[in-house]
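Let's walk through this one together, from the surface to the core and back out to the overall fold.

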Amino acid sequence: MGGVLRWIVGSVDGHVWSGLAAVTPVIGIAVLAAIVLGTVLPLLACGDDHAWSVGVGPARARAGVMAVVVVLAAAAAATAGAVAFIGLLAGHIARRLAGLDRRVSVPLAALTGSILLVACDAVAQAVTLLAGGLGSRAGVPAGAVAAAVGAVLLIRLVRSGKAIS
């Protein structure tokens, strides 16, 4: 039961590279699709009329982009649990730092997500050490730290009206 709870909350404890074998083909195909569909995003940002004028059907393009996003999010959550929540936060931070240029914001989001995951795991391990030492079996998962910090920041973004743009 403890393993299920840690997966639901999200943790990086005990994950090995062989655990990625099941989702690697799905992630690979979805990333390739994201690269192809990434060229459509600036057109959609300019509005439906502009997209139509250059021959892109906005409804089909949005459906394709959303399908790829859902597949990537599902693969991340299936692999690491709710710690994948960090990806949502990293995207917003990267867009705030780099603007709308996806050539900069997407790699920056990957770097930001990596840094956030390491920071959340470090805080979780520090809390575990302070709570009971190395012998404690009731460690704090990194996903719990990510959810606590991320929820506050994302609620703040939504209230400011700048979360979706």
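A quick definition before anything else: buried means under 20% relative accessible area, exposed means over 50%, and partly exposed is what falls in between, using a 1.4 Å probe and protein chains only. You'll find Ile-35 in helix α2, residues 24-37; helices here are DSSP runs of H or I with at least four residues, strands are E runs of at least two, and both are numbered from the N terminus.

Keep in mind that this is a predicted model, where local features need pLDDT of at least 70 and side-chain atom pairs count only at pLDDT 80 or more, while totals for chains, interfaces and linings use all residues. Residues are numbered from 1 along each chain as its sequence is written, and side-chain values use heavy atoms, with hydrogens and water left out.

Now zoom out. The protein has eight helices and zero strands. Of its 165 residues, 23% count as buried.

What about the inside? A nonpolar core is a set of buried Ala, Val, Leu, Ile, Met, Phe, Trp, Tyr and Cys residues joined through side-chain atoms within 4.5 Å. The largest one has eight residues: Ala-80, Val-83, Ile-86, Cys-120, Ala-124, Ala-142, Val-145 and Ala-146. Two or more of these residues come from each of α7 (102-132) and α8 (142-160), with α8 giving the most, three residues. Another core lies apart from it and has five residues, including Val-40, Ala-51, Val-56 and Ala-61.
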